[in-house]
Amino acid sequence: MNITNSLWEPLPSYPPLRPPEVRKEEIFKEEDYATVDLRARMAPATLNTSFEKLLNYLVHDLTTDLQKVRSIFCWMGAQRVGTRQVMNNDLSPGSPEYLTKKAYMSGRMVGELFATLCRKAGVPCILVRGKGKGSSYEVGDQHISGRNTWAVVFLEGSWRFVFPHWAFIGLNAFSTGHWTLVEDSGKPARDRPSASDGVLEAYVDEFWFLTNPDVMNCICHPDHAEYQLLTSPWTEKQFFSLPFYQKEYFSSGWKLLSPDSCVVEAKDGKCCISFQSPTGGDSRLDYRLYFDEKPPERKFPDEIQTEHYVNRLKQGERLMSLLVKLPLPGAYQLEVIGIHDNQRCHLVNFRLTCQSVPLDTRPFPSNPDIGYGYDDTARSAGLSDPSHTDGLVVVSSGQAIDFSFKAQPTLDVRPKLVHRDRSREDLRDHVSLSRTEDKATVTARLPDDDASPEYALEIDVLKPRDRKQENGVSTSWRSAGEDVDGPINRPEEKESVNVLNYLLTCDQDLNVVTKDERKQLLRDVNDALEKGDSMQLERAVFRYKTAGISDLVTEEKILEKQHKYERIRAEVVEAAKSKDIDRQDNAIRTCVAYNLEDRGDIGMAKEMLKTLCGTVVYKAIESCQRGELQNVLKRVSCTCVGEAVQTAACYKDGLQMYEELRPLDESREEISTLTQEDKISLCKPPKPILDVISATLILLGETEDDLKSWRTVWGKLNGGEDQEPLFTRMAKYDDTRLTQQQVQRAVAILDRWSGAFDDNLVARKLYLWCTRTVEVYRLRRDLGCRRMNENL
């Protein structure tokens, strides 16, 4: 079969296509491949004439398929494949340079070069055809005429996506020419770009290397469902209905809550786009609003004010929205930008369709940078425990409404009421502030003569102004000619800072579009996914499903997380089979960390681990090695069942043996320090010392028949060609080899004497070694019998 044609079909030896078990972030960190990347980028151009030579260089000494694929990917990026024009016409059709030349003329060949390199390097790889939401895609389109080619590669036990074409070739400055920018984050605009085919540029986009399936399928849709690598494949209709997510969205920490479609119907011009912001730090939403001026006769009127038709709305902890009130019918595009800790990320684009708007549609009264609603800005300014957290409050004509907070009496709070037409001076008497100890109450009284009230309540506080520094000297209050060397006693300059706003409106339609049940339910699911709490996720998913809500991206994440939990549960069973304490402990701890429900398996695993801990402790007791026993006792006490193990008989037995071994270890240490002179002191000993030496040798494995003559005993004291000296044997002796018969014979000899060898220190040390060895043996035997009886 021709290799080009075969690249689109799996080989018989290939594993079946299925979703990966872990995400890209768990198997790949770019910094870990710096050496591989650098070597690939430095590949000599002379190697491009032969796949064999090139691959011998690229995958030389690489041990994993991931390293090989990474090397190939980086080499292609360095070659500017797809944008570098190869002028040589005398190239072998079977060479990398030939395919590089072809790739300049056809984007499909970029994928073919990648797949060919992978297969020749022994890495399973299949090319995939499908549709992609590229630079020329317009949000809301239900058809894509062009075709794209990407690849799936098998590495680290799973199939993974790589999109070489989009990874190495970018289309910049493309424009259809009919989308006019009419508002840019609260600033009016009239930017009408010209149509442009854009410019191809070479770059390396890591986003398309090992892209996660739930991410890939938001942007690309293969012709065959099995190549989605999703747990539950999506239809083409579902693919086109998805919001137009941008690449940065998936790593930004922002999560779209509503809507779940790329096309949003703005009934009477009103709609709401809601997000859950990333954890920690300061967050806000920016946006760009475009109007569709196709056909040419449809123009956005220059006289319409546009800076107040979109507003930022906060509706609770980490819940941020863009509230839209369009000024006239037509098609719009809303580009949403998330800002977190000063990092801007293009998140998602929507098409807003508007059939009609009421004749009395007016812009919002203001568009504050911090938006409407209570958040950390007000909290850090000193306002806490607000009576209202939601930024939108429904009111009626002439109504008086109170907004209260806890605030220190010294905090200077300045409220004001803002209207799109009425002056602030006219509204001065319609807002007031009252204070009682640590509570501040702002009362807004809406004018009786306004039948359709819509106002902004803006609350400022006075804060010290940041003074400019000039050569280390504050200059904020210095007047011309003042002596900077003398003290400057001026009052502290303060500035009014906006910290909190509320949108007061009688428009019930606006209130309805902001009150979407799916936002809270999806936020609960996202919280459970972030925290990794299986029980919390189960409860959140139950509420999500019973509400009849559908969100493809969220549901894929739920399935992925549920499968992960099942793998964790299965690992408990496999770990129990392994008889490995560390593996069992880690498996159970992982279950506990993810709050997996105990279906009897986790509890049983804990019981099995306790039993295994007892087995390991008794094995250490049998070894008679104090250091090993100490390590084992520490090891089992640190397991997830450590508290229970420490109250069990095995642990107490281990502690008893540990203490019993202490004197024996001291004897071993003392014996190891004995010298040749000490040995000579035993020469021609009296009967008591001779008996101690004999008892020692019997415990070491000698028979009484071998100890009848002093010459024989002396020889064993000194050692010989095939036997070490007595003191060395004693220090190294393995107590587990001791038998009942040896102990009985040695004890029978030792019992003849009191053990008082004050006149011979060496004999005293031998006697202590013998008695302590016997004591350890007896304790080991007794503990073994006790354990046997307990098991019975």
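This is a predicted model: local features need pLDDT of at least 70, side-chain atom pairs count only at pLDDT 80 or more; totals for chains, interfaces and linings use all residues.
Residues are numbered from 1 along each chain as its sequence is written, and side-chain values use heavy atoms, without hydrogens and water.

**Sheet**

I went on to the pairing of strand 2 (residues 148-155) with strand 3 (residues 158-162), which is antiparallel over five bridges. For the terms: two strands pair if DSSP finds at least two bridges between them; helices (H or I, at least four residues) and strands (E, at least two) are DSSP runs numbered from the N terminus.

Where do these strands sit? They belong to an open sheet of five strands in the order 8-3-2-1-9, with antiparallel pairing. Strand 8 (209-211) and strand 9 (220-222) are at the edges with a single partner strand each, so one side of each has no neighbour in the sheet. I noted an average twist of 50 degrees from one strand to the next.

**Helices across the sheet**

I looked up what lies across it. Helix 5 (residues 65-78) lies across strands 2, 3 and 8, at about 115 degrees to strand 8. Helix 7 (residues 108-120) lies across strand 1 (125-132), strand 2 and strand 3, at about 160 degrees to strand 1. Contact here means heavy atoms within 4.5 Å; axes are lines fitted to C-alpha atoms, for helices over the stretch in contact, and angles run from 0 to 180 degrees between N-to-C directions.

The largest pocket has a volume of about 1,400 Å³. Of its 45 lining residues, Gly-134, Ser-135, Ser-136, Tyr-137 and Leu-171 are the closest to its centre. A pocket is an open set of points on a 1 Å grid where a 1.4 Å probe fits, with protein on both sides within 12 Å along at least five of seven lines; lining residues have an atom within 4 Å of a point. The volume is the space filled by probe spheres set on the points.

Which strand gives the most to this lining? Strand 4 does, with seven residues.

The second largest pocket holds about 960 Å³. I found 35 lining residues, with Arg-23, Glu-25, Asp-214, Phe-250 and Lys-557 nearest its centre. Strand 8 turns up again, among the elements giving two or more residues to this lining. Helix 16 has the largest share, seven residues.
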